[in-house]
Amino acid sequence: MKETLEFNHKKQCGLWLILIGIVLIIAVIFGGKFLVNPFVFLIGYYACFFSVNANKKVREKLSQGAISPKQIKMIYFSIAALFLLMFCIAGPFIPGWHWRQIWLGVLMATAIHFFLWFFIHGWSMVVLGIVCIVIATTGYVFPNISVSVICIADAAVKLICGVYLLFFSRPSKRIPHVTKQRL
């Protein structure tokens, strides 16, 4: 992307991350045999999605400026990429109901898709993606660590990042580096 990007929707993203962090913690509490309760998680996920991202009043209240058409396309692309990544990383474990691998795959897919959010919300998404990848990787490398602990760590990072974005971040811009051509 060679255009200047304006990151004006950080507060909305912050609220979304806070709510998803809370939903993940509640889903872990009611995890049972699923480790993370998928019903609680999906109901919470969609309720939060429609409350924050699809709610025009909330978006307008939290928005600090316009979003470009290319950023809107990137939002849809990142959502599609998220589901494709979940299918590829977690999907192979669904037939055997290997819940640990499924949830680690969901966390990893989500972490990777945060890199695409750079184009929508800025550098904080790259940092969030890296930290969440480290957390998910820890779950893969150390199978003796409970998925509940991994998910709570992931939720805590989302909560912290969400609080930062909602209460402390300001709109910012990314101006592409333009190289001067010699005559």
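A pocket, as the word is used here, is an open set of grid points where a 1.4 Å probe fits, with protein on both sides within 12 Å along at least five of seven lines. Rolling a probe the size of a water molecule over the atoms shows where empty space is left. The structure above is a predicted model, and its largest pocket holds about 1200 Å³ of space.

The lining of the largest pocket consists of 44 residues. Nearest the centre of the pocket lie Trp16, Tyr45, Phe49, Ile79 and Leu82. By class, the lining has 33 nonpolar, 8 polar and 3 charged residues.

Which helices each supply at least two residues of that lining? They are H1 (10–29), H2 (38–53), H4 (69–89), H5, H6 (118–121) and H8. H4 gives the largest share, with 9 residues.

Begin with H1. The axes of H1 and H8 cross at roughly 155° and come within 7 Å. An angle over 145 degrees counts as roughly antiparallel, so H1 is roughly antiparallel to H8. The crossing of these two helices is left-handed. Their contact is made up of 18 nonpolar, 4 polar and 4 charged residues.

The next partner is H7, residues 123–141. Its axis and that of H8 lie 9 Å apart, at an angle of about 170°. H7 and H8 are therefore roughly antiparallel to each other. On the H7 side, the contact involves Ser124, Met125, Leu128, Val131, Cys132, Ile135, Thr138 and Gly139. These meet Ile150, Ala153, Asp154, Val157, Lys158, Cys161 and Leu165 in H8. Sorted by class, the contact of H7 with H8 has 10 nonpolar, 3 polar and 2 charged residues.

H5 passes H8 in a left-handed crossing. Arg100, Trp103, Leu104, Leu107 and Thr110 are the residues of H5 that meet H8. Facing them in H8 are Val147, Ile150, Cys151, Asp154 and Lys158. The contact of H5 with H8 divides into 6 nonpolar, 1 polar and 3 charged residues.

Conventions. Residues numbered from 1 in each chain as written. Predicted model: local features only at pLDDT ≥ 70, side-chain atom pairs only at ≥ 80, totals over all residues. Heavy atoms only, no water. Left-handed = near helix turned anticlockwise from the far one by under 90°. Helix = DSSP H or I, 4+ residues; strand = E, 2+ residues; numbered from the N terminus. Contact = heavy atoms within 4.5 Å. Nonpolar A, V, L, I, M, F, W, Y, C, P; charged D, E, K, R; others polar. 1 Å grid on protein atoms, 1.4 Å probe; cavity = no way out; pocket = protein on both sides within 12 Å on 5 of 7 lines; lining within 4 Å. Points joined across faces, edges and corners; volume = space filled by probe spheres on them. Axes fitted to C-alpha atoms, helices over the stretch in contact; angles between N-to-C directions. Parallel < 35°, antiparallel > 145°, perpendicular 65-115°, else oblique.
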